[in-house]
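Please look at the fold shown below before reading on.

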Amino acid sequence: MMERPNTALGCQKSRFALDEGEHFLNCAYLGPLPRSVAEAGVEGVRRKCSPTPFPSERFFTDCDRARERFGRLVNAPPERIALAPSASYGIEVAARNLPLEPGQNIVLLGEQFPSNVYAWRRRASAYDCEVRTVDRPGPPPSAALWNERLLEAIGPETAVVSLPHCHWTDGTRIDLEAAGERAREVGAALVIDGSQSIGAVPFDVERFRPDALITVGYKWLLGPYSTAFGYYGPRFDDGTPLEETWISRRGSEDFQGLVDYTDEYRQGAARYDVGQTSNFILIPMLVEALDLILRWDPARILDYCRSLLSGLADELRLRGWAVEDDEWRTGNILGVRLPAGCDLAEVGARLAEARVHASLRGDALRVSPNVYNEPRDIDALRQVLATYG
C-alpha cells in the first residue's frame, strides 16, 4: 500500500508547460505532460540516436519499473500487471480469455466508452450471448437508481460484468463494491475500466477485487499516448495473449538463447504485454509520470480537484442545471446538463472564445481539472456559465 502524506497538495502548475491565458479543464480528454515526463521522453530519443552502449537489460528494466509503480498505485503485485498500448487492447485481452456459453449475458452500462463496448459485442455475437445494457434511468440526479438497476441486471446467466469506475461523460460513480459482490455471487467476472479515475482517485484492487482492471496512461496518469496498463487476476493465469511475442517467453532475457524456442511464458501477466513492450521513449516517460502521481498521492490529488470544484455544482443546480448528487460523483469530474431551452453547442463555442477548455460528451458539459489548475480557471468557466439558467 502507498504511504499517505498528511499534508494538503498545493498547485503544481509550475511542473507543466501549459500556455498562459488558457484554462485547461480537460484532463479527462488528454492529460498534459509534466515537464519532467517530457524530458524523460527527450532523453529516450537521445539514447536511441546513439545506442552505444545499450545493454540488453534495458529491454526489461524500465518495463519492470513501470509494473512496480502501477502495482503500488492500485495495491497489486507487479507480476499481475501487463503493459498495453490502449484500453481497447487491454479489454480485448479480457474478452478473449473469459469463457462464454450460448444463452449467457454480458452486463454493460449505457453510453459506456466504445473501447469497453465493441469487444464485448463481438464476443457476444460469436457465442450467441446477450449484451445487457443498463441505461441511465433519467437525467441527474439518478445515479442511485442507476446503480440499483445495474445490480438487478446481474443474474445467474451473467458471465461478465464490465464497468467503468466512473462514467466517462459526467463522472457518475459506479458502486464497484456492490457490483463486484453481486458478480461473485453469480460466478461472473468483473472487468473495470479505470481510465477516467486511476491517477486522480484512490483505487485498491484488494477492495474492489476485479478480475481485470484496465487504464490508459495519457489521461489522469499524465503519461504519453499509446500507453496503458492491465491488471489480470487468477482467472487469466493460463490465458492466451493477443500476440505471440519473443519478449513474453520464459528466458527471453538471454538474447543468445532466443533460438532455443519455448512454449512457456514469463511469470504472471507479462504474457499479455503488447509487442515491442520496451518502448525506450514512452516507457521511461510513463515511469516518471507514475513517480509524480505516487509522490502527490491520488487521495491528495482528488482533494485538490474537489477543492477547485467546490461550490460550482451547487451554483449550477440553483440555476437549473442537472448535476449528479455529490455522493455519486468520483470528484475529479463534474458533468452538468443545461437547463431546458439552452444550446450546448453554443455553450461550447462561448467557452472556446473565453479560452476555457472542457468537453461536450453526450448531452453533458464535462469539466475535469487537475493539479495544474488554479481557482482562476474555475472562475473563467463560471463567468461563461453565469449567463445560462
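In what order do the strands of the open sheet of four strands stand, and is their pairing parallel or antiparallel? The order is β9-β10-β13-β12 and the pairing is antiparallel, where helices (H or I, at least four residues) and strands (E, at least two) are DSSP runs numbered from the N terminus, and two strands pair if DSSP finds at least two bridges between them. This is a predicted model, in which local features need pLDDT of at least 70 and side-chain atom pairs count only at pLDDT 80 or more, while totals for chains, interfaces and linings use all residues. Residues are numbered from 1 along each chain as its sequence is written, and side-chain values use heavy atoms, with hydrogens and water left out.

- Strand β9 runs antiparallel to β10 (residues 334-337) and is joined to it by two bridges, with Val336 of β10 as the bridge partner of Val323.
- Helix α11 (residues 344-353) lies across β12 and β13 (364-367) and runs at about 30° to β13; contact here means heavy atoms within 4.5 Å, and axes are lines fitted to C-alpha atoms, for helices over the stretch in contact, with angles from 0 to 180 degrees between N-to-C directions.

**The seven-stranded sheet**

- A second open sheet has seven strands in the order β2-β8-β7-β6-β5-β3-β4, with mixed pairing, and its edge strands, β2 (81-84) and β4 (130-134), each pair on one side only.
- Neighbouring strands of this sheet are turned by 20° against each other on average, direction ignored.
- Strands β7 (residues 212-216) and β8 (residues 228-232) run antiparallel and are joined by five bridges, and Ile214 stands opposite Gly230 in β8.
- Helix α5 (residues 143-153) packs on the sheet, where it touches β3 (105-109), β4 and β5 (158-164), and its direction makes about 160° with that of β4.
- Helix α6 (residues 176-186) lies across β5 and β6 (189-193), running at about 170° to β5.

**A helix pair**

- Helix α8 (residues 282-296) packs against helix α9 (residues 298-309) at an angle of about 75°, with the axes 6 Å apart, which means that α8 is roughly perpendicular to α9, a term covering angles of 65 to 115 degrees.
- The contact is made by Ile293, Arg295 and Trp296 of α8 together with Pro298, Arg300 and Ile301 of α9.

**Backbone positions to check**

- Most residues other than glycine have a negative phi, and most peptide bonds are trans.
- The peptide bond from Thr52 to Pro53 is cis, with omega near -5°, and Pro53 lies in the loop between α1 (35-49) and α2 (58-74).
- Another cis peptide bond joins Pro140 and Pro141, with omega about 0°, and Pro141 lies in the loop between β4 and α5.
- Ser226, in the loop between β7 and β8, has a positive phi near 65° although this residue is not glycine.

Conventions: Angles under 35 degrees count as roughly parallel, over 145 as roughly antiparallel, 65 to 115 as roughly perpendicular and the rest as oblique.
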